[in-house]
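Open the model in your viewer and keep the sequence beside it. The tour below moves from one selection to the next.

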Amino acid sequence: MRTFLRVHAAAVAGTALLFGSGVVPAWQDPATASAPREIDVVASRFAFEPSRIEVTEGERIRLLVRSADGVHGIEIKRFRVNRPVPRGGKPVTIEFTAAAAGEYDILCSEYCGDGHETMAGTLVVQARPK
Ligand code: CUA
């Protein structure tokens, strides 16, 4: 029975990757064994630095996001990322798998002033070389 469950989980993970269907839960992520790629991001009025983050499809990502001024938020809808970033510079850690190639908006999800609506970046997930 245990063996069956394990095989089934592998099949589900394979299917998710094959069709690029989005977020793969950690328990069925074949890349879990490797360390995530860490990327430092600084949020400030009204930009993310870097504003463009490039990763590879299937890569596990760990974002360390801190604010250089007041409260911000970071949201990447496709990968169900949405976290407040507090004032004071303490980093928040966000992990996800970049499970689908494409370009995705990185948005500020906490009102931070007159430029809030324009505060955005781009996550570029390059297709994994075949
Ligand atoms: Cu930064 Cu809203």
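**Start on a strand pair**

Select I61 first: across from it, in strand 7, stands F96. This is a predicted model. Now show the whole of strand 4 and strand 7. They pair in the antiparallel sense, over 6 bridges.

You have an open sheet of 4 strands in the order 2-1-4-7, with mixed pairing. Which strands stand at the edges? They are strand 2 (47–49) and strand 7. Each has a single partner strand, so one side of each lacks a neighbour in the sheet. From one strand to the next, the twist averages 30°.

**Pick out the rings**

Next, show the aromatic side chains. A pair of rings is described by the distance of the centres and the angle of the planes. The count here is 2 aromatic pairs. Take F79 and F96: their ring centres are 5.4 Å apart and their planes lie at 20°, so this pair is stacked. Planes under 30 degrees apart count as stacked. The partners come from distant parts of the chain, 17 residues apart. F79 sits in the loop between strand 5 (72–76) and strand 6 (81–85), while F96 belongs to strand 7 (residues 92–97).

Y104 is in strand 8 (residues 102–107), 25 residues from F79. Y104 is buried, as is F79.

**Step into the core**

Select L63, I76, F96 and L123. Of the 26 residues in the largest nonpolar core, these touch the most other members. Among the strands that each supply at least two residues of this core are strand 1 (37–44), strand 4 (60–67) and strand 9 (120–126).

Centre on L123 and show its contacts. Leaving out residues up to four places away in sequence, L123 touches I53, V55, I76, F79, F96, G102, E103, Y104 and I106.

**Last stop: E57**

Move to the loop between strand 3 and strand 4, where E57 lies. E57 is buried, with a relative accessible area of 15%. Buried means under 20%. Beyond four places in sequence, the residues E57 touches include A98, A101, V125 and R128.

Note on methods:
Residues numbered from 1 in each chain as written. Predicted model: local features only at pLDDT ≥ 70, side-chain atom pairs only at ≥ 80, totals over all residues. Heavy atoms only, no water. Phe/Tyr/Trp six-rings, centres within 6.5 Å; stacked < 30°, edge-to-face > 60°. Buried < 20%, exposed > 50% of the residue type's maximum accessible area, 1.4 Å probe, protein only. Core = buried A, V, L, I, M, F, W, Y, C linked by side-chain atoms within 4.5 Å. Contact = heavy atoms within 4.5 Å. Pairing = 2+ DSSP bridges. Axes fitted to C-alpha atoms, helices over the stretch in contact; angles between N-to-C directions.
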